[in-house]
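Here is a short briefing on one protein model. Please read it with the sequence and structure open.

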Amino acid sequence: MSQTQKLNAVTLSSPITIDGEKVTEITLRRPSPGELRGLSMVDILRMEVDAMFKLLPRITQPPLSPLQLSSELAPEDFTELATKTLLFFAKKEQLEGQFLELEASP
């Protein structure tokens, strides 16, 4: 899979158990406007923890529960999920040359 296709996935630093199965990767999907109801766009863009606790269960696959977010997920994994969520709020043109294109190693 190419780098651009994996921008919406997070490989967990330590696996968590969801529905009796060990999960090592969480995929994010673009939220619909309805899934943003009850949330402040400013709070999402500031990566406010409470806003992410409401939004992430709506857009993660497999779905993460608020309990898993608060007690099972490593802080660095939560931060990466929140950071990658912000990519859905930028236009593709804004990302080109910054996140989607990687320079070749010298």
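Leaving aside neighbours within four places in sequence, Phe 53 is in contact with Pro 66, Leu 69, Ser 70 and Phe 78. Contact means heavy atoms within 4.5 Å. The model is a predicted one, where local features need pLDDT of at least 70, side-chain atom pairs count only at pLDDT 80 or more, and totals for chains, interfaces and linings use all residues. Residues are numbered from 1 along each chain as its sequence is written, and side-chain values use heavy atoms, with hydrogens and water left out.

**Phe 53**
- Phe 53 lies in helix H2. Helices (H or I, at least four residues) and strands (E, at least two) are DSSP runs, numbered from the N terminus.
- Phe 53 counts as partly exposed because its relative accessibility is 23%. Buried means under 20% relative accessible area, exposed over 50%, and partly exposed in between (1.4 Å probe, protein chains only).
- Gln 68 is 15 residues from Phe 53 in sequence, and the two C-alpha atoms are 9.9 Å apart.

**Overall make-up**
- The protein has five helices and three strands. From the N terminus, the elements run β-β-α-α-β-α-α-α.
- Of the 106 residues, 33% are buried.
- Take the contacts between residues at least 6 apart in sequence: 58% of them join residues at least 24 apart.
- The protein exposes about 6,900 Å², and carbon and sulfur atoms supply 52% of that area. Accessible areas come from the Shrake-Rupley method with a 1.4 Å probe; for residues, only the protein chains shown count as cover.

**Sheet**
- Three strands form an open sheet in the order S1-S2-S3, with antiparallel pairing. The edge strands are S1 and S3 (60-61), each pairing on one side only.
- Strands of a sheet pair through backbone hydrogen bonds, either parallel or antiparallel. Here, two strands pair if DSSP finds at least two bridges between them.
- S1 and S2 pair in the antiparallel sense over six bridges. Ile 16 stands opposite Val 23 in S2.
- The hairpin of S1 and S2 has two residues between the strands, and Asp 19 takes a positive phi near 55 degrees there.
- S2 and S3 run antiparallel and are joined by two bridges. Thr 27 stands opposite Gln 61 in S3.
- H4 packs on the sheet and touches S1 and S2; its direction makes about 130 degrees with that of S1. Axes are lines fitted to C-alpha atoms, for helices over the stretch in contact, and angles run from 0 to 180 degrees between N-to-C directions.

**Nonpolar core**
- The largest nonpolar core has 22 residues. Such a core is a set of buried Ala, Val, Leu, Ile, Met, Phe, Trp, Tyr and Cys residues joined through side-chain atoms within 4.5 Å.
- Those with the most contacts inside this core include Ile 16, Ile 26, Ile 44 and Leu 56.
- S1 (9-18), S2 (21-28), H2 (49-59) and H4 (75-85) each supply at least two core residues. H2 gives the largest share, five residues.
- Beyond its neighbours within four places in sequence, Ile 44 is in contact with Leu 36, Leu 39, Ala 51, Met 52, Leu 55, Leu 86 and Phe 89.

**Confidence**
- The average pLDDT is 85, and 82% of the residues score at least 70. pLDDT is the predictor's confidence in each residue, from 0 to 100.
- Residues 1-5 have pLDDT below 50, and this stretch has three contacts beyond near neighbours in sequence.
- Residues 99-106 also have pLDDT below 50, with seven contacts beyond near neighbours in sequence.
- Where pLDDT is low, the predicted coordinates should not be read in detail.
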